[in-house]
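Morning, everyone. I have one model to walk through today. Please look at the picture before I start.

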Amino acid sequence: MSDLNQTYLAALKQARWERPDIAALKRSQHGSWLLESHSMTARLKRHCQCFDVDVVNVYQLTPDKLTTDEVALIGHEACVVREVILKGDGHAWVCGRTLLPASTLEGQGGYLNALGAVPLGQHVFKQRASRRDAIEVAEVAMPTGGLQARRSRLWLHNRPMLVAELFLPDSPMYGKEIPA
């Protein structure tokens, strides 16, 4: 893993998550990105010709390693952690960290354990039984300046997963928006 990826992942793990004022966030410069309720993958793909996922790490996390906030959002159980960098046209755009509880990986969610370099959102949002809630935001201090981050709970077949995303400096979030 590159030092930069390690730095981004460490920053994402240390983010101070807050429930946003939705009305104020909608009016903000980055609000539409942070409040995106559908697939971030699909939104990012509109900004590039080639979209890639670099899987940085996949590992097991025991329930005692979850934070109180994480337990409140997804329950107290073992998780598979998937850490990725989403890239558009070779540029790192988003550092992502997903907690997949063991119960979410059972039954219909079992394929999530074998995603490899396939984007999570590409599969989750194809399912009718998927939704996003519990959006939280953070501004993460980095040597190059503050970066925007969000964390949200995704539901697939009524089973949760927790996705945290750090929008990296080259992310289209910080540039001109392409109309939907």
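A quick term: two strands pair if DSSP finds at least two bridges between them. Helices (H or I, at least four residues) and strands (E, at least two) are DSSP runs, numbered from the N terminus.

Now the ground rules. This is a predicted model, where local features need pLDDT of at least 70, side-chain atom pairs count only at pLDDT 80 or more, and totals for chains, interfaces and linings use all residues. Residues are numbered from 1 along each chain as its sequence is written, and side-chain values use heavy atoms, with hydrogens and water left out.

Start with the strands. E2 and E3 make a hairpin with two residues between them. Aspartate 89, in that turn, has a positive phi of about 50 degrees. The two strands run antiparallel and share 10 bridges. E3 also pairs with E6, again antiparallel, over six bridges. Nine of the 11 residues of E3 are buried, meaning under 20% relative accessible area; exposed is over 50%, and partly exposed is in between (1.4 Å probe, protein chains only).

A cavity here is a set of points on a 1 Å grid over the protein atoms alone, where a 1.4 Å probe fits but cannot get out; lining residues have an atom within 4 Å of a point. Points are joined across faces, edges and corners, and the volume is the space filled by probe spheres set on them.

How many cavities of 30 Å³ or more are there? One. The largest cavity holds about 190 Å³. It has 18 lining residues, and Leu86, Leu120, Gly121, Val163 and Glu165 are the closest to its centre. E3 gives the largest share of the lining, four residues.

Now the record. UniProt, in an unreviewed entry, lists Met40, Arg82, Leu120 and Glu165 under "binding site". Its positions follow the numbering used here, feature names are shortened, and annotations may be inferred rather than shown by experiment. Met40, Arg82, Leu120 and Glu165 are in the lining of the largest cavity.

Take two of them. Methionine 40 sits in helix H4. Methionine 40 counts as buried because its relative accessibility is 3%. Leucine 120 is in helix H6. At 10% relative accessibility, leucine 120 is buried too.

Methods:
On a 1 Å grid over the protein atoms alone, a cavity is a set of points where a 1.4 Å probe fits but cannot get out, and a pocket is an open set with protein on both sides within 12 Å along at least five of seven lines; lining residues have an atom within 4 Å of a point.
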